[in-house]
Amino acid sequence: METKYIKKILMTGFSGTSSEWIVKKGTCKSLILPNDKVLDPEMVLAEVSLQDYKYIFSFGQKPNIRDKLYIETAARNGNRCIYTDFVYDKLQSALRAENIEVRISDHAGTSFCNALYWNVLEYIRDKELETKIVFLHIPFYKNMTSSEDFCKRIHKGIENYCRGALTGKEI
């Protein structure tokens with residue numbers, strides 16, 4: 001991806017998980033989070049305050065899935081819900097173009113993934129930032145049939161999405 005676009009994209013993943021591995025394979029700014037419901041969002045928000053990111057792609061791992069990716073559309077806090085304003089249908093198309101099975105979900109879980117998503121979505125909303133965040137659940141490393149290929153296809157789909165979105169050209 002072109003250098004001027006890379007600076008506008010942040011990828012996050014959780015330490016010791018398949019999400020860390022995926023994020024480290026990317027060319028964008030990466031932030032590896034310590035699996036702490038308080039520190040994880042604090043670290044992301046500190047980074048967002050330093051740099052004007054257009055997109056944040058946050059990755060987490062989801063048990064019991066194989067060779068597919070879930071795009072999470074919402075975070076929950078009790079009976080409250082915040083939906084992302086990320087244009088995820090275009091991301092879904094870009095990932096499917098790379099032969100990745102993609103599911104849309106509105107349940108980011110009940111632990112670290114959801115806590116991170118909620119806090120960052122709330123911050124973006126409250127500060128009226130133009131930054132868009134999307135949370136992506138991927139399989140555990142052992143549930144990827146061809147992990148290197150799966151990783152390359154995820155990054156290619158994200159790259160194609162960003163290239164189109166950041167240049168104003170449709171995918």
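Tutor: Start with one aromatic cluster, formed by Y55, F57, F86 and Y161. Keep in mind that this is a predicted model.

Student: How many aromatic pairs does the structure hold?
Tutor: It holds 8 aromatic pairs. One of them is F14 with F135, a tilted pair. Their centres are 6.5 Å apart, with 40 degrees between the planes.

Student: Which parts does the pair of F14 and F135 tie together?
Tutor: Strand β1 (residues 9–14) holds F14, and strand β8 (residues 132–139) holds F135. The pair therefore ties together parts that are 121 residues apart in sequence.

Student: Is F14 buried or exposed? And F135, buried or exposed?
Tutor: F14 is buried, at 3% relative accessible area. F135 is buried too, at 0%.

Student: What about W21 and Y141, how do their rings sit?
Tutor: The pair is edge-to-face, because the planes are at 80 degrees and the cut-off for that class is over 60. The ring centres lie 5.0 Å apart.

Student: Where do W21 and Y141 lie in the chain?
Tutor: W21 is in helix α2 (residues 18–24). Y141 is in the loop between β8 and α6 (147–167). Y141 counts as partly exposed, at 43% relative accessibility.

Student: What sits over the ring of Y70?
Tutor: The charged end of K62 does, 4.6 Å from the ring centre.

Student: Switching to pockets. How much space lies in the largest pocket?
Tutor: About 220 Å³. Its lining has 15 residues. Nearest the centre are Q61, P63, S111, C113 and H137.

Student: Which element gives the most to that lining?
Tutor: β3 does, with 3 residues. Both β3 (55–62) and α5 (112–127) supply at least two residues each.

Student: How many of the lining residues are nonpolar, polar and charged?
Tutor: The lining divides into 5 nonpolar, 9 polar and 1 charged.

Student: Cysteines next. How many disulfides?
Tutor: The count is 0.

Conventions
Residues are numbered from 1 along each chain as its sequence is written. This is a predicted model: local features need pLDDT of at least 70, side-chain atom pairs count only at pLDDT 80 or more; totals for chains, interfaces and linings use all residues. Side-chain values use heavy atoms; hydrogens and water are left out. Rings of Phe, Tyr and Trp (its six-membered ring) pair if their centres lie within 6.5 Å; planes under 30 degrees apart count as stacked, over 60 as edge-to-face and the rest as tilted. Helices (H or I, at least four residues) and strands (E, at least two) are DSSP runs, numbered from the N terminus. Buried means under 20% relative accessible area, exposed over 50%, partly exposed in between (1.4 Å probe, protein chains only). A charge sits over a ring if NZ of Lys or CZ of Arg is within 6 Å of the ring centre and within 35 degrees of the ring normal. On a 1 Å grid over the protein atoms alone, a cavity is a set of points where a 1.4 Å probe fits but cannot get out, and a pocket is an open set with protein on both sides within 12 Å along at least five of seven lines; lining residues have an atom within 4 Å of a point. Grid points are joined across faces, edges and corners, and a volume is the space filled by probe spheres set on the points. Ala, Val, Leu, Ile, Met, Phe, Trp, Tyr, Cys and Pro count as nonpolar, Asp, Glu, Lys and Arg as charged, and the others, Gly among them, as polar. A disulfide is a pair of cysteine sulfur atoms within 2.5 Å.
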